[in-house]
Amino acid sequence: MNELIELFQYNFFLNAVGAAILASISCGIIGSYIVARRIVFISGGITHASFGGIGLAWYLGLNPVFGAAVFGVLSALGIEWISKKTDVRQDSVIGILWAFGMALGILFIYMTPGYAPNLMSFLFGNILTVGALDLYLLLGLCLFTIAVFFFLLRPILFVAFDEEFARTQKAPVQFLNYLLISLVALAIVLNIRVVGIILVISFLTIPQTIANMFTNDFKKMIFGSIAFGILGSFIGLLVSYRINAPSGATIIFSFVILFVIAKLVQLVMISVRRKKFGLIQLKRGNHLN
Amino acid sequence: MRKILELKSLTAGYDEKIVLKGVNLVVKENDFLGIIGPNGGGKTTLLKVILGTIKPIEGEILLDGNDSIIGYLPQINQIDNKFPIPVKEVVLSGLMSHKKIFGRYNSENKRRADELMMQMGIIHLKNKNIGELSGGQLQRVFLCRAIIADPQLLILDEPDTYVDSNFEGELYEILHHLNSHMAIIVVSHDVGTICSHVKSIACVNETLCYHDSNVISQEQLMAYNCPIDLITHGEVPHRVLKHHK
């Protein structure tokens with residue numbers, strides 16, 4: 001316990017805790033949208049496409065986060081625009097963009113003269129090296145996402161649920177779709193710093209899937225995924241510190257463990273309910289006799 | 001009688017492919033129009049054009065009042081029934097057109113939603129998730145959503161699929177009641193059922209032939225080259241089906 005309190009005296013650990021909380025909030029909200037809308041594959045495409053931006057920014061000597069943001073948002077808008085054209089196979093386009101982004105990123109990084117950055121830190125992230133700028137960007141993203149979902153929750157939900165109907169009601173479907181897919185891209189890009197390109201998708205889907213086991217209400221799903229996100233990333237952070245392993249991997253690992261525990265709890269809950277129901281039926285049967 | 005909807009020599013389709021040609025149609029208040037036709041004949045395209053989700057290639061669509069909203073009941077298999085949304089929210093979403101994008105739903109809206117769910121006998125499902133509902137219950141939820149904004153025109157796309165015959169009878173009873181204050185268009189495969197309830201029939205197959213009654217004679221069909229089965233009505237509604245070219 002003392003060791004834990006001691007940890008909080010380190011600046012890098014406080015930053016990491018802050019990043020974990022902010023990542024859980026932004027991923028909790030955006031991830032619920034991704035899971036409900038079934039756009040996990042699109043999100044995977046955006047994630048990997050943004051690596052091209054990281055490489056280009058590195059080559060030009062700019063901040064990789066901005067390169068990733070530009071690539072991420074542009075590819076998100078591109079996918080959204082293409083999906084409106086009925087004759088294009090959306091999933092194939094995502095597959096192309098997915099691989100192209102990665103290839104571009106790797107090429108640029110190897111073409112950059114001098115010190116080549118550690119590819120591993122982009123692919124798997126490192127929450128323990130998060131700096132002040134990353135935290136401010138994440139905080140800004142969180143505040144903007146919360147504002148959007150606070151004021152527009154119903155229109156967002158209605159359009160996501162039945163876009164065709166929303167269109168017949170003259171709802172601003174196009175505007176909402178572009179706004180949300182851009183938010184998805186920004187959430188992905190800023191959270192890459194925390195858990196890396198390969199693992200960010202699980203931050204956006206595992207806590208949500210756990211929350212979805214216990215509630216079917218979109219709002220409760222958001223709060224549930226934020227809670228599971230904070231719990232899982234905190235456990236992952238401690239394990240990472242303890243056994244000196246990459247934090248991205250330990251966070252995702254603790255998510256999966258939480259998922260398995262939640263699944264077991266859910267199964268027990270169902271069988272208990274069934275037993276109760278069975279007993280009631282039995283009693284009724286006896287009564288009739 | 002006031003015209004609610006008018007289509008004037010309308011051509012519609014997707015990209016290069018023309019699905020509908022030279023469609024003329026007038027829908028007046030209190031009309032109850034059944035739309036029938038073969039698969040791929042253009043029924044869905046016609047609905048999309050009327051609903052404004054695709055633009056016509058040629059021709060005009062005139063709606064009474066510029067921003068008049070149409071009540072719409074989509075085909076139920078187009079809906080993702082695993083989506084995390086409770087019944088009451090689905091019903092309220094029918095008021096989208098009445099709300100500004102930042103608009104909140106007031107107690108009057110919620111009271112109206114409750115009233116409709118009561119009438120449809122689904123008030124006990126109010127807080128349930130749509131995934132827990134049966135086909136008939138889901139159909140009722142979507143009907144509530146379609147009429148909560150009191151539209152002048154209600155369009156139903158295949159409302160009798162995935163529904164037990166019990167509910168089918170009930171559905172048409174509800175529609176007859178609604179017909180006193182809104183025009184209704186029903187698209188259906190089930191020619192027999194539809195013809196015993198509607199006031200007029202349109203057959204859609206590349207173009208549209210309008211029959212100003214729910215009784216169609218063989219001669220009329222021949223003249224229009226309508227590929228539908230022949231239906232006649234006697235004192236007790238019954239049908240005689242004959243194939244014709």
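Me: How many helices and strands does chain B have?

Reply: This is a predicted model, in which local features need pLDDT of at least 70 and side-chain atom pairs count only at pLDDT 80 or more, while totals for chains, interfaces and linings use all residues. Residues are numbered from 1 along each chain as its sequence is written, and chains are lettered from A and ligands numbered from 1 in the order in which they are written. Helices (H or I, at least four residues) and strands (E, at least two) are DSSP runs, numbered from the N terminus. On that basis chain B has 7 helices and 9 strands.

Me: Which residues of E7(B) are buried on each of its faces?

Reply: A residue is buried if 20 or more other C-beta atoms, placed from the backbone, lie within 10 Å of its own. Strand E7 (residues 183-187) of chain B has 5 of its 5 residues buried. Both faces are covered, one side by B:Ala183, B:Ile185 and B:Val187, and the other by B:Ile184 and B:Val186.

Me: How many bridges join E6(B) to E7(B)?

Reply: Two strands pair if DSSP finds at least two bridges between them. E7(B) pairs in the parallel sense with strand E3 (residues 32-36) of chain B over 4 bridges, where B:Phe32 has B:Ile184 as its bridge partner. Strand E6 (residues 153-157) of chain B also runs parallel to E7(B), and the number of bridges joining them is 5.

Me: Through which helix does the chain cross from E6(B) to E7(B)?

Reply: Within E7(B), B:Ile185 stands opposite B:Ile155. The β-α-β crossover from E6(B) to E7(B) is right-handed, meaning that, with the strands pointing away from the viewer, the path from the first strand over the helix to the second runs clockwise. The helix on this path is H5 (residues 165-178) of chain B.

Me: Which element gives the largest share of the side of chain A that touches chain B?

Reply: Two residues are in contact if their C-beta atoms, placed from the backbone, lie within 7 Å, and 24 residues of chain A are in contact with 23 residues of chain B. The elements of chain A that give two or more residues to this side are helix H7 (132-161), helix H8 (163-168) and helix H12 (218-243). The largest share, 6 residues, comes from H7(A).

How values were computed: Buried ≥ 20, exposed ≤ 12 C-beta atoms within 10 Å, placed from the backbone.
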